[in-house]
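Me: I've got a model open and I'd like to talk it through. Can you take my questions as they come?

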Amino acid sequence: MKFTLSWLKDHLTTDASLDDIVDGLTRIGLEVEGVHNPGEALQAFRVARILSAERHPQADKLQVLSVDAGDGPMQVVCGAPNARAGLVGVFGAPGAYVPGLDVTLKVAAIRGVESNGMMCSARELEIGEGHDGIIELPEDAPVGTPYPDYAGLNDPVIDVSITPNRQDCMGVHGIARDLAAAGLGTLVPPTVPAIDAQGPGPDVRIEDAAGCPAFYAQAVTGLTNGEAPEWMRQRLTAIGQKPISTLVDITNYMTVDLGRPLHVYDRAKLTGGLVARQARDGETIEALNGKTYTLAKGMTVIADEAGVHDIGGIMGGEHSSVTAETTDVVIECAYFAPDAIARTGQALTLTSDARQRFERGVDPAFLDDGLAIATFLVQHYCGGTASGVTRAGEPPVAPRTIRYDPARAETLGGLAVAPERQREILERLGFAVDGDWTVTVPTWRRDIDGPADLVEEVIRIEGIDKVAPVALPRTPGVARPTATPEQKLERRVRRAAAARGLDEAVTWSFLSDAQAAPFGGGTWSLANPISEDLKVMRPSLLPGLLSASARNLKRGIATVRLFEIGRRYLADGEHPTVGVVLAGNARERGWRAGKAAGFDAYDAKAEALALLAAAGAPVDNLQVMGEAGDAWHPGQSGTLRLGPKTVLARFGMLHPSLLKAFDLDGAVAAVEVYLDALPAKRMSGFMRPAFAPPALQSVRRDFAFLVPQDVSADALVRAVRSADKAAITGARVFDVFTGAGVDEGFKSVAVEAVLQPADKSFTDEALKAIADKIVAAAAKQGAVLRS
């Protein structure tokens, strides 16, 4: 939130310097993001008087001016229609930088006549929107004075980051209250004027008490809506808001000044009374930002008999907006439920200054005073006659009390603060503290819920820098390992993935409903997400990795090999998982291999097996079974299981429809390894047995089998390996062939078996016996030894 130094001093009587105020804000938890003095950029521009204005000899629309900026006459060529002798304006000499034009002035010839600078408009100096002519100042403006000094533009703008829990500091008055509590001045209470009301108030009522508990309104008739006073326009411009008209600027000023959003309706454009109700499905409204929004049931709106005029607490409608012709208005000062405002704003993806304050929680006790101040400003600057106030509903102002023990400041906050000092701090912040330390929470502090919050208030005002650092107790001797078995497992897998050339990614744990749907949908959804795209807790790591892959591929990355170690969130809890996505080129084009090649299911299987091996899974005992699920490509995906039911990993190519949903072109391979499905490691001591290489050389034998097409090579290899577990230490497929010489419906699979003798070399008889066992085991899978 932005405000100027002079604006702050309207609410805080202080002699503190700007540096002291900036340091104080950050010290009490209101982090200053920046300080900017808009006058510094315009210091080169001075008040000047036009001594004479003659027609340009070569151009009808240009004039040659003689300008005095305090250093004597200077010749300037000017095209402004209002330039004339005697006018006092703003002059920029050669060397001055004009921010609105992004140019630095220099002496130049314009249509053959030398010009030594320029007379400036408000838009050229970025202090307003006026550009029909140059700035006109009063005749008594002191010539030669730097324009920022004369116009009061040397007013530093302070930009403060307000955390979501500090709704009371969404107005300049609330920030001044905190600074006063910190000892940087005295808080100036807002002046609440008495309004001379005539006649009954406007017709307003509530039908949605849950979304709008209180709706106060007051009418003003016979007013003139012109340009807001200069001081108000300057302040709004300084903080980046565009002045529009007196009525609109008053509501914007009140929003920033007192944290009290308001809305003004042109009464002539209303049909009947105003009602706070829920929107009906399909109703539409053209908002003040020029966009049309389709509303849904559950959204709180302000409407009349003709239709919706305001998205309650967020943005008004264009149809009933005030203009220069407006003479009668209704001023709305309502309290909207924060949760309802947040849900509506998120559903419509619509934000505004009003929404930022209502969804955090404005002061429900400030409706009468806020309305009175707004009505006074309208009457003071626009004239008119005020009606009575209509009060519909009741704001939630029930007192909240907390039992507090001053000793908690030390036991919980780590800082001993005298009880009387704590009482002083709390009372300066607006809390009421009675004799037995029952603390009444002010209505503007919705964030205060218990004693710990009161400790926080005391410590931040007293100074968190005063909390002495205290070392944690340390057990004597050698430090023991602190990593858990789960952390060690993830560390091993992370190192293995990085060693294989995969790049680690960290993606959001939240997805949109659409991203979660292909993976079975999300079980857990946030009731109040910051965005509809971050609403569902992820059921898989792959959506985030696919989104990251798509971004990288679109930025010209040829090969994407990403992995992530994180949690999936299913109905039964959190599940540690490793996700891998392989996209783009597996191999770049080259003179040896030719064209570039993409990833395939075997690449994914290799990554899955490598990561499982690093995790300590018995990879030699795993079975490849079935297809991985709806998100995976049929026939090009599978699962790695330990037994028929325990799925340790899914791997393969992803379904084309899934890739289309994530805007990915080409085939993409992926892996998910489920770390919590791994069998528990048996405790066998901390020492590994010494490696003892076999004393005798191994023997390798090749077997070629005719196997039915529907029998997997994995099943055949497992059968060969289990034929004689004592002698056979390994088996692998080295060739698969179909075609001439192989009957239809069959395939030829060649397997290499590694035989390891123990205490003596194999004899021919022993080798033949092992070979017979291998053939017999393969026969159980329907395989026949080729002749």
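Me: Which residues gather in a patch of positive charge on the surface?
Reply: Lys488, Arg491, Arg492, Arg495, Lys681 and Arg688 do. Keep in mind that this is a predicted model, where local features need pLDDT of at least 70, side-chain atom pairs count only at pLDDT 80 or more, and totals for chains, interfaces and linings use all residues. Residues are numbered from 1 along each chain as its sequence is written, and side-chain values use heavy atoms, with hydrogens and water left out.

Me: What counts as a patch here?
Reply: Patch residues have over 30% relative accessible area and no salt bridge; like charges are joined within 9 Å, and nonpolar side chains (Val, Leu, Ile, Met, Phe, Trp, Tyr) within 5 Å. Lys and Arg count as positive and Asp and Glu as negative, while His and the chain ends are not counted. A charge is placed at NZ of Lys, CZ of Arg, CG of Asp or CD of Glu. Areas come from the Shrake-Rupley method with a 1.4 Å probe, and for residues only the protein chains shown count as cover.

Me: Where's Arg492 found?
Reply: In helix H13, residues 485-499. Helices (H or I, at least four residues) and strands (E, at least two) are DSSP runs, numbered from the N terminus.

Me: Why is Arg492 called partly exposed?
Reply: Because its relative accessible area is 39%. Buried means under 20%, exposed over 50%, and partly exposed in between (1.4 Å probe, protein chains only).

Me: OK, salt bridges. How many are there?
Reply: The count comes to 35 salt bridges, each being a side-chain nitrogen of Lys or Arg within 4 Å of a carboxyl oxygen of Asp or Glu.

Me: Which residue does Glu462 pair with?
Reply: Glu462 makes a salt bridge with Arg421, and their closest N and O atoms are 2.8 Å apart. That pair links distant parts of the chain, with Glu462 in helix H12 (residues 451-462) and Arg421 in helix H11 (residues 419-428), 41 residues apart. Glu462 counts as buried at 18% relative accessibility, whereas Arg421 is partly exposed at 25%.

Me: And Arg166 with Asp168, buried or exposed?
Reply: Both are buried. Their closest N and O atoms are 2.7 Å apart in a salt bridge. Arg166 and Asp168 also belong to a salt-bridge network with Asp178, Arg445, Asp447, Glu457 and Arg460.

Me: Switching to strands. How do S21 and S22 pair?
Reply: Strand S21 (residues 300-303) and strand S22 (residues 308-311) run antiparallel, with three bridges; pairing needs at least two bridges found by DSSP. Ala303 has Val308 in S22 as its bridge partner. The two strands form a hairpin with four residues between them, and Gly307 in the turn has a positive phi of about 160°.

Me: What does S22 do with S23?
Reply: S22 pairs with strand S23 (residues 315-316), antiparallel again, over two bridges. Three residues sit between the strands in that hairpin, where Gly313 has a positive phi near 75°.

Me: Which residues have a positive phi without being glycine?
Reply: Arg111 is one of them, at about 55°; Arg111 is in the loop between strand S10 (108-110) and strand S11 (113-115). Asp663 is another, with phi near 60°, in the loop between helix H17 (656-661) and strand S38 (668-674).
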